[in-house]
Amino acid sequence: MAAIVSTTLIALIGCFLLSFHIASSLGLTAAIAGALHIGEIWGFFGQIPWNNISNSGMIVVPLFILMGELLLRSGVTEELYAILSKWMGRVPGGLLHTNVLASGLFASICGSSVATTSTIGAVALPEMRRHGYDEKLAMGSITAGGTLGILIPPSVIMIIYAIMAEVSIAQLYMAGIVPGLLMMATFMLVIFIAALISPQRAPKIETRYSWSERIRGLTAVLPVLFLLGMVMGTIYAGVATPTEAAGFGSVGAFLLALLKGRVNLRMLRDTFLATASTTSMVLLVVVSAFLLQFVLSLGGVPAAISNWIGGLGLTQMELILIIALIYILLGMFMESMAMIVCTLPILLPILHAAQVDLVWFGILAVILVELSLITPPVGMNLFVMHGLRTRMDGPRAGPLTEVFASSAPFVLAMLLVLGLIMAYPEIATGLVSHMRQ
C-alpha cells in the first residue's frame, strides 16, 4: 500500500507543479499508479467513464449551468448593486452590506465564487472608493461575499460532491440554504460591528431614497428571486426532482431574458458555448476522480486508512475535527475543486465506517473549501481581488499582503459558522429532514 500511495502523491504533486488541469492530473495519476502497481486496468478505464456519464441523473449538471448562464445574460446583475445600495446605504456599514447581499444573490445565479468576486468587485470597489470607504474593509467584504458562490445553491462544487459521495443533490442543496444565509448574516454582523467601532471606515450614504423608489427598484430583482424560489421550492416539496427543477429553471431563465429583450443569436451562442465548456470541465473532473478512486480502491488504500483510523478509537467529532484541520492546511496550497476531488476517494470509506451523515459533512466540506478561497498563500478570491485593484490602479496598487489582511475578520466569521454547524448539525439537516421525497 505504501508504494501506491507514494506513487500517487508524487504523480499528483508533479502534475500540479507542471500546471496541468485538475482532470488531467487526476487521470494521469490514476493511469500511472494503476499501471505500476495493479496491472491490467485499461479495460476499466473505458467502462468507468461510460457507467458514470451515461447516468440520466447527470443531466442536472448542464441544466443548472445553462440556467445560470441565461440569468447572467438577462441583465439582472447590472441592476442588482444599485438596487440593494438604495436599501442598505443608510445602515451602519452601508455599501459593505450591499456587497454581501449582492454576492449572495449573484452566487445563487452563477454558482461560482471566482465569478462572484470578479463581477461584484468590478462594480463595488470603485463605488466604495467614491464614498470614502476603508479599502481593506471593502476588499474583505467582496472576497468573503464571493465565497458564497459555492455554498448557496445551485452550486457546481455541491454537484461534484453529491456525485462522488453518492448522496442526493436535492438534499445537499436544501442543506446549503440555511448555512448560506447564516454565513451572509455573520459577514454582515462583522461589518456592522466594524462600522460601529470605526464609523469613518464605513460612512453612511448621504443620499436618501423614498420607499417608493426602493420598492420600484425591487421589481427588477423579484422575477429572479421568484424563479430561484420556485426551483428550490419544487425540490423541497418533492414536486420535482433536481433534474426537472433545473429544466424548469432553464426555461424560466430564458423567458426572463426574452422579456428583458436580451435574447439574440449572439447571446444564445455565447450561452450555449459557455454551458458546454463548463459542463465538459465538470464532467471530465468527475470522471478522472472516479478513475483515481477506482485505482486506490483496488490498491486497498481507502480500506487500510479506514482500518488505521478505526484503530485509533476516535469519536466521530474528533474525526471531523482532524479532517477539518487537514482541509484548512490543504486549502492554503490547493485549488478548491482539487481539494474535493483529491480527498474524497480516501475520506469516503473513513466517513462511512464512522457513520457520518454525508449530507451534513458535505456542507462542512464546502465551507472548508470556501475558507481556502480567502486564506493565503493560495486564496483564489484574494488573487482575483488583487487583480481587479491592479487593473484599476496600475503600479499604484497596494501589495497583495493588504488583500490577505483584509480577509482576516471574515475568516474568523467563517470558522464561527463552521463551529456552529458542527455543534448543531440541524442547522444544515433541518430542511432536509422535512423534505418530501
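**Entry 1, the second largest cavity.** The model is a predicted one, and I began with the lining of its second largest cavity, whose residues divide into four nonpolar, three polar and no charged. I listed the lining as Tyr-327, Ile-328, Gly-331, Leu-368, Leu-371, Ser-372 and Thr-375, and I noted that helices H16 and H18 each supply at least two residues of it. The volume of this second largest cavity comes to about 30 Å³, and a search of the whole structure finds two cavities of 30 Å³ or more.

I then turned to the largest pocket, which has a volume of about 850 Å³. Of the 33 residues that line the largest pocket, Leu-9, Leu-330, Met-334, Cys-342 and Thr-343 are the closest to its centre. When I asked which helices supply at least two residues each to the lining of the largest pocket, I found H1 (2-17), H14, H15 (301-311), H16 (316-331) and H17. H16 gives the most to this lining, with seven residues. By class, I recorded 30 nonpolar, two polar and one charged residues in the lining of the largest pocket.

Next I looked up how far helix H9, residues 156-165, is enclosed, and because 10 of its 10 residues are buried, I wrote it down as largely enclosed by the rest of the structure. The buried residues of H9 run from Val-156 through to Ala-165 and include Met-158, Tyr-161 and Met-164. Among the elements that cover them I noted H4 (60-72), H10 (169-197), H14 (265-298), H17 (336-353) and H18 (358-373).

H9 is followed by Glu-166, which is found in the loop between H9 and H10. Phi of Glu-166 is near 55°, a positive value in a residue other than glycine. I made a note of this because most residues other than glycine have a negative phi. Is Glu-166 buried or exposed? At 70% relative accessibility, Glu-166 counts as exposed, the cut-off for that class being over 50%. I found another such residue in Gln-355, which has a positive phi of about 60° although it is not a glycine, and which lies in the loop between H17 and H18. Gln-355 is exposed, with a relative accessible area of 70%.

I checked the length of helix H12, residues 222-237, whose 16 residues should span 22 Å at 1.5 Å a residue, and its end C-alpha atoms are 21 Å apart, which agrees. I then listed the buried residues of H12 as Val-224, Leu-227, Leu-228, Val-231, Met-232, Thr-234 and Ile-235. The spacing follows a general rule, since an α-helix has 3.6 residues a turn, so residues three or four places apart point the same way. Just after H12, Gly-238 takes a positive phi of about 75°.

Last, I looked up Ser-103, whose place is in helix H6, residues 95-110. Ser-103 has a relative accessible area of 0% and is therefore buried, the cut-off being under 20%. Which residues is Ser-103 in contact with, leaving aside its neighbours within four places in sequence? I found Thr-116, Ile-120, Gly-145 and Gly-146 in contact with Ser-103.

Technical notes: Residues numbered from 1 in each chain as written. Predicted model: local features only at pLDDT ≥ 70, side-chain atom pairs only at ≥ 80, totals over all residues. Heavy atoms only, no water. Buried < 20%, exposed > 50% of the residue type's maximum accessible area, 1.4 Å probe, protein only. Helix = DSSP H or I, 4+ residues; strand = E, 2+ residues; numbered from the N terminus. Contact = heavy atoms within 4.5 Å. Expected span 1.5 Å × (residues − 1). 1 Å grid on protein atoms, 1.4 Å probe; cavity = no way out; pocket = protein on both sides within 12 Å on 5 of 7 lines; lining within 4 Å. Points joined across faces, edges and corners; volume = space filled by probe spheres on them. Nonpolar A, V, L, I, M, F, W, Y, C, P; charged D, E, K, R; others polar.
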